[in-house]
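I opened the model to look up its domains, its chain interface and a few strand pairings. My notes follow in the order in which I checked things.

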Amino acid sequence: MNHSEERALAWREELRKAMKAKERTDIPRVHMPELNAEYRSHSRLEEVNLGLSAEQAMNEAKRCLDCANPTCMLGCPVGIDIPRFVKNIERGDFQEAAKTLKETSALPAVCGRVCPQEKQCEGQCIHLKMKKEAVAVGHLERFAADYERESGNISVPQVAEANNIKIAAVGSGPAGLAFAGDMAKLGYEVVVFEALHEIGGVLKYGIPEFRLPNEIVDVEIQNLQSMGVHFVTNCVVGKTITIKDLEDDGFKGIFVASGAGLPRFMDIKGENLVGVMSSNEYLTRVNLMDAANPDSDTPVFKGKKVAIIGGGNTAMDSVRTARRLGAERAMIVYRRSEEEMPARLEEVKHAKEEGIDFLTLHNPIEYIGNEQGRVTHMLLQVMQLGEPDASGRRSPVEIPGKTELIEVDEVVVSVGVSPNPLIPQSVEGLEVTKWGTVVVNNDTMQSAVPIIFAGGDIVRGGATVILAMGDGRRAAKSMDEWIKSNA
Amino acid sequence: MNKIVSKEYFSANVIKFEVEAPLIAKSRKAGHFVMVKVGLKGERIPLTIADADLQKGTITLVVQKMGVSSSKLCALEAGEYITDMVGPLGKATHIENFGTVVCACGGVGTAPMLPIVAALKKAGNRVITVIAARTKDLIILEEQMRLHSDEVMVMTDDGSYGTKGLVTNGVESVINREKVDLCVTIGPAIMMKFVSQLTKKYEVPTLASLNTIMVDGTGMCGACRVSVGGKTKFVCVDGPEFDAHKVDFDEMLMRLGGYKDIEREENEQYQSTLNK
């Protein structure tokens with residue numbers, strides 16, 4: 001059934017009639033219960049958002065008007081049937097809501113936590129046109145997925161009869177996992193190769209536990225395993241084994257989702273001082289290697305005056321981590337104003353509540369160190385907003401001669417990443433842009449080497465979990481068609 | 001999980017392991033390294049591959065006990081398992097017939113030099129290997145080096161074996177004696193710095209294999225960055241070998257010392273738990 005057929009079902013009609021639209025829009029948007037800000041700014045692992053109660057969720061679900069043309073769905077990169085899952089929550093059928101999510105999203109508990117909803121589903125909600133707050137689709141998604149997981153009654157998606165065709169995913173981040181889930185459903189024998197010792201990619205090494213607990217990622221992975229997906233850790237495709245090895249071994253399609261790679265630096269003086277590092281390094285130490293845990297052998301600096309350079313989600317994750325590791329002053333240094341910040345609104349809000357300093361319209365131009373080569377100060381150029389640039393955001397312009405010298409003992413540079421160079425380096429005939437991203441057909445995700453499909457950050461250069469998942473799903477669909485047309 | 005097939009003590013603190021890793025054994029080339037992690041809460045550390053046996057499906061690693069992570073690895077016995085190992089990583093050494101090559105190595109740096117010496121010899125080079133260590137007991141792999149080198153020169157700081165002097169004295173004596181087309185150096189950063197200074201003076205092109213701090217080792221974290229010719233490079237994917245004359249060794253030494261205090265503390269803790 002498509003969306004309108006679903007919408008025409010009797011129970012949906014009944015629900016719609018149960019309440020007037022005006023009554024629905026008059027309900028105020030739910031507030032996500034969260035840990036106390038002072039308490040959580042010292043708690044490294046506890047999740048900040050506590051999740052909605054069943055009552056809160058059902059009440060929030062009432063706000064949804066169950067539109068005939070749900071614009072929210074247009075905003076979702078994986079096309080979740082949003083009104084159907086929301087209305088299932090409204091009628092109290094939480095399992096069915098979770099099932100609806102899983103039809104199109106491999107990782108609903110993850111997406112409910114990390115998607116930039118205000119730019120996607122919620123950004124297109126009809127309520128906004130009526131000057132009301134959007135339905136909290138993200139919170140509801142999380143509620144349904146958590147409910148199912150905690151009920152212990154997790155539905156494993158139906159898997160088609162095995163077709164005995166082997167296909168591979170390179171990388172076990174959101175793109176690889178979404179791809180693996182869809183291909184397993186279609187009956188393929190799926191092997192996911194992961195370079196690190198843990199499965200989950202950025203969901204494990206990048207996003208901190210206070211925002212996305214590892215346990216939730218692990219449940220999603222177990223779910224895929226019970227669908228028959230195999231995982232191989234500690235295997236770098238392009239190094240340990242080659243694409244050619246995979247072909248020789250009978251793999252009929254390979255989805256490359258090797259993710260982000262080399263961190264970008266700004267090429268300014270003092271950037272290689274001790275104590276200046278990339279957000280990838282900082283977060284990998286703390287998240288993947290658990291370096292702040294005394295039992296871990298991996299060291300991490302616990303700076304008292306920490307500056308994070310950048311205004312994206314990774315910058316927010318880093319600065320809030322620094323605060324939790326004991327920073328007395330944890331700062332965001334961002335060259336534009338808060339309005340242009342790419343981070344999710346909720347992350348900015350949480351960061352502020354946790355006492356993070358926002359030095360917007362500031363840009364580092366030099367780091368200064370002591371005799372041991374440890375960073376002690378940063379020199380910031382003060383900026384102002386000028387004309388809009390290519391990205392449509394007002395561009396930051398230097399205020400001549402206006403600088404500030406600020407004491408720091410740790411700097412985390414979070415200004416983006418370049419794609420991982422390993423696969424592009426090792427596969428002949430692969431078309432690669434000057435930025436190092438793999439060129440694919442935008443509809444099919446197929447590369448210049450037909451057996452290779454690609455998606456996620458290796459194609460986009462740096463995007464979001466949900467866009468990577470969308471790529472994985474599209475690649476699965478078109479690889480399936482391609483393999484069948486070749487058979 | 002990779003099984004340790006054999007363990008051999010080169011000295012009290014320098015240990016040779018043969019480890020089961022058939023895929024790595026097959027794909028590795030001279031110059032490649034692996035990332036190794038011991039225990040669930042272990043640290044990922046880079047180790048250059050010293051040798052491989054295709055038939056047995058093993059690779060050889062030579063490890064010096066330094067801090068917590070290398071001590072934990074060295075405490076493993078044959079039959080036990082390394083928790084995680086991934087590789088081969090980095091770019092392989094560029095091998096061709098250069099003419100006469102001096103391979104200058106010190107300490108455990110001698111181990112990763114062995115496959116390079118063998119490959120250079122096989123490519124038709126005249127290979128002169130200079131092995132240096134503080135004292136006789138720390139000289140390793142001399143016999144194997146002799147198998148693949150035209151000449152092996154042994155240097156010890158205290159004169160207990162070979163010629164008394166530093167690795168640079170050995171290299172300089174070769175340069176003064178005959179035309180050298182290339183120098184390759186692997187060892188402690190400070191040693192490579194001085195080899196590089198020396199060969200720069202004589203205008204002998206030199207490659208240094210750098211062993212920096214790494215976290216993932218696959219081009220993600222940037223902990224391993226070094227300045228080469230004024231540009232930031234990543235040892236794990238751009239290296240580990242670079243034109244030694246362009247490497248900013250002082251910056252590299254400074255960065256290598258970055259976690260010294262934390263590491264010393266952790267090591268003291270670890271050693272005290274061992275003594276209990």
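**Domains of chain A**

I began with the division of chain A, which gives domain 1 (3–151), domain 2 (166–261 + 417–486) and domain 3 (265–413); the bounds come from an automatic or database domain assignment. This is a predicted model, in which local features need pLDDT of at least 70 and side-chain atom pairs count only at pLDDT 80 or more, while totals for chains, interfaces and linings use all residues. Residues are numbered from 1 along each chain as its sequence is written, and chains are lettered from A and ligands numbered from 1 in the order in which they are written.

I took the centres of domain 1 and domain 2 of chain A over C-alpha atoms and found 29 Å between them. For contacts I used C-beta atoms, placed from the backbone, that lie within 7 Å. On that basis 18 residues of domain 1 of chain A touch 22 residues of domain 2 of chain A. Helix 9 (residues 108–114) of chain A gives the largest share of the domain 1 side, five residues. By class I noted 12 nonpolar, one polar and five charged residues on that side. Here Ala, Val, Leu, Ile, Met, Phe, Trp, Tyr, Cys and Pro count as nonpolar, Asp, Glu, Lys and Arg as charged, and the others, Gly among them, as polar.

**Chain A overall**

I listed 21 helices and 15 strands in chain A, taking helices (H or I, at least four residues) and strands (E, at least two) as DSSP runs numbered from the N terminus. The radius of gyration of chain A is 23 Å, close to the 23 Å of the globule rule for 487 residues, so chain A is as compact as a globular protein of that length. The radius is taken over C-alpha atoms, and the rule is 2.2 Å times the number of residues to the power 0.38. I read spans of about 70 × 60 × 50 Å for the C-alpha trace along its principal axes.

Of the 487 residues in chain A, 52% are buried, meaning that 20 or more other C-beta atoms, placed from the backbone, lie within 10 Å of a residue's own. Among contacts in chain A between residues at least 6 apart in sequence, 71% join residues at least 24 apart.

**Chain A against chain B**

I counted 31 residues of chain A in contact with 36 residues of chain B. On the chain A side, helix 16 of chain A gives the largest share, four residues. The residues of that side divide into 13 nonpolar, 12 polar and six charged. For the complex the predictor gives an ipTM of 0.93 and a pTM of 0.93.

**Strands of chain B**

I checked confidence before going further: pLDDT, the predictor's confidence in each residue from 0 to 100, has a mean of 93 in chain B, with 99% of its residues at 70 or more.

How many of the seven residues of strand 6 (residues 58–64) of chain B are buried? I found six. Strand 2 (residues 14–20) of chain B pairs with strand 6 of chain B in the antiparallel sense over seven bridges, where pairing needs at least two DSSP bridges. Strand 5 (residues 51–53) of chain B also runs antiparallel to strand 6 of chain B, joined by three bridges. Ile59(B) is the bridge partner of Val19(B) and of Ala52(B).

Methods. Contact = placed C-beta atoms within 7 Å. Buried ≥ 20, exposed ≤ 12 C-beta atoms within 10 Å, placed from the backbone.
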